[in-house]
Amino acid sequence: MAVTSTSLSSQLYIGLHRPTPKFESFTSQSFFDSVHSNLRLSVSPPKRSSSIVAMASSAKFFVGGNWKCNGTKDSISKLLNDLNSAKLEPDVDVVVAPPFVYIDQVKGSITNRIEISAQNSWVGKGGAFTGEISVEQLKDLGVKWVILGHSERRHVIGEKDEFIGKKAAYALSEGLGVIACIGELLEDREAGKTFDVIFEQLKAYADVVPSWDNIVIAYEPVWAIGTGKVATPQQAQEVHVAIRDWLKKNVSPEVASKTRVIYGGSVNGGNSAELAKEEDIDGFLVGGASLKGPEFATIINSVTSKKVAA
């Protein structure tokens with residue numbers, strides 16, 4: 001089902017609500033401090049159906065670097081030099097997502113081996129939407145991908161599932177690839193609601209996207225983002241299998257087989273190899289470690305662990 005700019009124009013604000021009062025004086029540290037305060041030494045496993053069977057993706061390994069609201073011209077120049085000189089495994093799709101203001105700098109200097117992603121895009125065609133960036137503008141800069149549904153957009157900015165789905169539908173209809181983020185809060189996991197939450201988020205995409213051909217799903221448990229608390233390979237694999245099973249039952253077996261499901265949440269050079277060995281982990285969406293060229297290269301090259309495991 002394709003979503004046109006005309007049909008969207010009358011519903012642009014559906015799904016976007018004001019952040020709750022506790023976020024009105026938000027800082028990035030205050031948000032993650034609140035996550036840290038609820039962390040446990042062990043994280044409860046989600047409730048799982050015994051009927052779910054692993055079905056690995058047949059697609060190419062994918063690693064994205066989300067630079068978030070970080071960087072200066074000088075620091076990005078150094079990072080680009082490190083990435084351009086790094087030896088990267090050839091059978092990995094690699095993208096980086098710089099802040100909007102540095103996209104041109106990155107595009108003009110980075111090796112053709114690495115594609116550019118935006119960190120967000122508007123829900124329809126550009127116009128009188130102060131502070132937003134349109135898909136058309138991103139394409140004009142040569143951007144190929146956009147990250148949508150990231151937990152910071154959901155839980156800090158206040159974007160709802162339906163709104164994120166419409167963003168994805170519009171970006172796809174205009175030719176951008178979408179890194180579609182999903183993930184549960186710590187309280188959801190501890191209540192055994194992990195699958196309920198991520199399936200609802202998946203449905204919001206499935207209800208409106210025109211095709212799954214250019215979608216990469218990024219599973220990012222919110223309790224593991226920026227906290228240093230990474231899901232174990234087994235925890236991540238369990239959820240990835242469930243995601244693929246949901247796609248098989250609710251979209252198609254072909255989509256379930258071809259769609260890449262990548263993991264994000266405190267991924268670094270020390271844990272990426274073990275995570276990559278899991279059958280249904282098709283790559284990573286990396287935050288802080290993607291700002292360090294050599295470490296990001298290590299994460300990209302962790303695809304060799306998957307080859308060994310196979």
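The largest nonpolar core in this predicted model holds 67 residues, and V63, V96, I217, I243, Y263 and F284 are the ones that touch the most other members. Helix 10 gives the most to this core, with 6 residues. A second, separate core has 11 residues, including F62, A97, I147 and A218.

**Around I243**
- Leaving aside residues up to four places away in sequence, I243 touches I182, I198, L202, I217, Y219 and V261.

- The 8 strands form a closed barrel in the order 1-2-3-4-5-6-7-8, with parallel pairing.
- From one strand to the next, the twist averages 25 degrees.

**Helices against the strands**
- Helix 7 (residues 161-173) lies across strand 4 (145-148), strand 5 and strand 6, and runs at about 175 degrees to strand 4.
- Helix 10 (residues 233-250) packs on the sheet and touches strand 5, strand 6 and strand 7 (260-264).
- The direction of helix 10 makes about 150 degrees with that of strand 7.

**Cysteines**
- The disulfide count for this model is 0.
- C69 counts as exposed because its relative accessibility is 79%, and exposed means over 50%.
- C181 has a relative accessibility of 1%, so C181 counts as buried, the cut-off being under 20%.

**H155**
- You will find H155 in helix 6 (residues 151-157).
- H155 and L185 are 30 residues apart along the chain, and their C-alpha atoms are separated by 9.4 Å.

**T227**
- T227 sits in the loop between strand 6 and helix 10.
- The relative accessible area of T227 is 11%, which is under 20%, so T227 is buried.
- The T227 side chain reaches the backbone oxygen of W223 at 2.9 Å.

How values were computed. Residues numbered from 1 in each chain as written. Predicted model: local features only at pLDDT ≥ 70, side-chain atom pairs only at ≥ 80, totals over all residues. Heavy atoms only, no water. Pairing = 2+ DSSP bridges. Helix = DSSP H or I, 4+ residues; strand = E, 2+ residues; numbered from the N terminus. Axes fitted to C-alpha atoms, helices over the stretch in contact; angles between N-to-C directions. Contact = heavy atoms within 4.5 Å. Disulfide = S-S within 2.5 Å. Buried < 20%, exposed > 50% of the residue type's maximum accessible area, 1.4 Å probe, protein only. Polar contact = N/O pair within 3.5 Å; in protein donor to acceptor, adjacent residues only side chain to side chain. Core = buried A, V, L, I, M, F, W, Y, C linked by side-chain atoms within 4.5 Å.
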